[in-house]
Amino acid sequence: NMSQNVPSALGSNQVKVQVKACALSPLDIKLHEDLKFQRDLVPVGREIVGIVLQVGPKVTFFQPDDEVVGILPLDTAMSGLCDAVVINEHHLVQKPEKLSWVEAAGAIRDGLRAYTALHTLARMASGHTLLVLDGASPFGVLSIQLAHYHGVKVLASALSSEDQKFLEQLRPSVARVIGVWDAKVDLVDSCLEETGGLGVDIVMDSGVRLHEEEPEARCLLPYKHDIITLIGVGGHWVTTEQNLQLDPPDSRSLFLKAASLSFLNEEVWGASSARQGRYLLLTLPSVLCRPQLEDPVPLYDATVSMEMVQKNQVRKRLVIQL
């Protein structure tokens, strides 16, 4: 119970929000350790939506009864599972009317990740070809929709036959769904065939295999050499693999293609106070794309759900506060 961490008096730029729903995403415990946050409890459910209850004296963007969506900062002591949270106004934006509470909570983090990956890091432009690995994940779906919106041709990999069916039914449609769950399907061949042998302009992964043979849990992840092979000249690889290791031959291949590599750490925008509000404001219009979400769970199921998310048994869970 973290309710006791909610301060009673508001600071000058703080907003008190009654939480309507929050999303449970995997915790990066190592990142907390690296940043030396010394605490016994790591808050969960940092992606929140709710109603403004009260605002500090210098708050300019919000007033009571506004519907808002935001991400609690990494160093917060509060959880989105609390009834109410206190948050700096720069971490919030108005909730788009078109999105339900659950859709907004489910879209904010992955919308931010997709925006950061495609706009800030990869500089996507109309006419580019994008490969989204694990396209049926919430992050993958929002990336596909954001790319379509900007006139980018999208290829996506599917990790199961169910994911393949889901991706094939998406509208606007994906140019090619690559069913890597099927041993007969080759990721590199499919990408080169689809691009006339030139390779893709942007590739976004959701983890990478560093060796040909890896444990069963990682067997559907793309092999790093395959990604380097399917990138085109001047291409851009956005990776979520924190421990990516490139050997000299890998680097040489990227050098010959004048390709670039970026690491996607969506927590970094929160480390820059100047960028927080700007990032969220830029992100939210793109989040009008609808995420693919499972049914939300009630508050009493949050603990079990969080354990499943952390163990990678489910991709994400949404908690609704009735």
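Figure 1. F62 is buried, with a relative accessible area of 7%. The structure shown is a predicted model. A search of the whole structure finds one aromatic pair. That pair is formed by F61 and F62 in an edge-to-face arrangement, with 6.4 Å from centre to centre and 70 degrees between the planes. The geometry counts as edge-to-face because the planes are over 60 degrees apart. F61 is exposed, its relative accessible area being 51%, whereas F62 is buried.

**Figure 2. Close-up of K95 and W101.** The view concerns a charged group and an aromatic ring. The charged end of K95 is placed over the ring of W101. It lies 5.1 Å from the centre of that ring.

**Figure 3. Close-up of R113 and F139.** Here the ring belongs to F139, and the charged end of R113 sits over it. A separation of 4.3 Å is computed between this charged end and the ring centre.

Figure 4. V314 belongs to the loop that runs between α9 (302-310) and β13 (317-320). The residue is buried, and its relative accessible area is 10%; V314 counts as buried because this value is under 20%. When neighbours within four places in sequence are left aside, V314 is in contact with M308 and V309. The view also includes S25, which is 289 residues away from V314 along the chain. The C-alpha atoms of V314 and S25 are separated by 9.6 Å.

Key. Residues are numbered from 1 along each chain as its sequence is written. This is a predicted model: local features need pLDDT of at least 70, side-chain atom pairs count only at pLDDT 80 or more; totals for chains, interfaces and linings use all residues. Side-chain values use heavy atoms; hydrogens and water are left out. Rings of Phe, Tyr and Trp (its six-membered ring) pair if their centres lie within 6.5 Å; planes under 30 degrees apart count as stacked, over 60 as edge-to-face and the rest as tilted. Buried means under 20% relative accessible area, exposed over 50%, partly exposed in between (1.4 Å probe, protein chains only). A charge sits over a ring if NZ of Lys or CZ of Arg is within 6 Å of the ring centre and within 35 degrees of the ring normal. Helices (H or I, at least four residues) and strands (E, at least two) are DSSP runs, numbered from the N terminus. Contact means heavy atoms within 4.5 Å.
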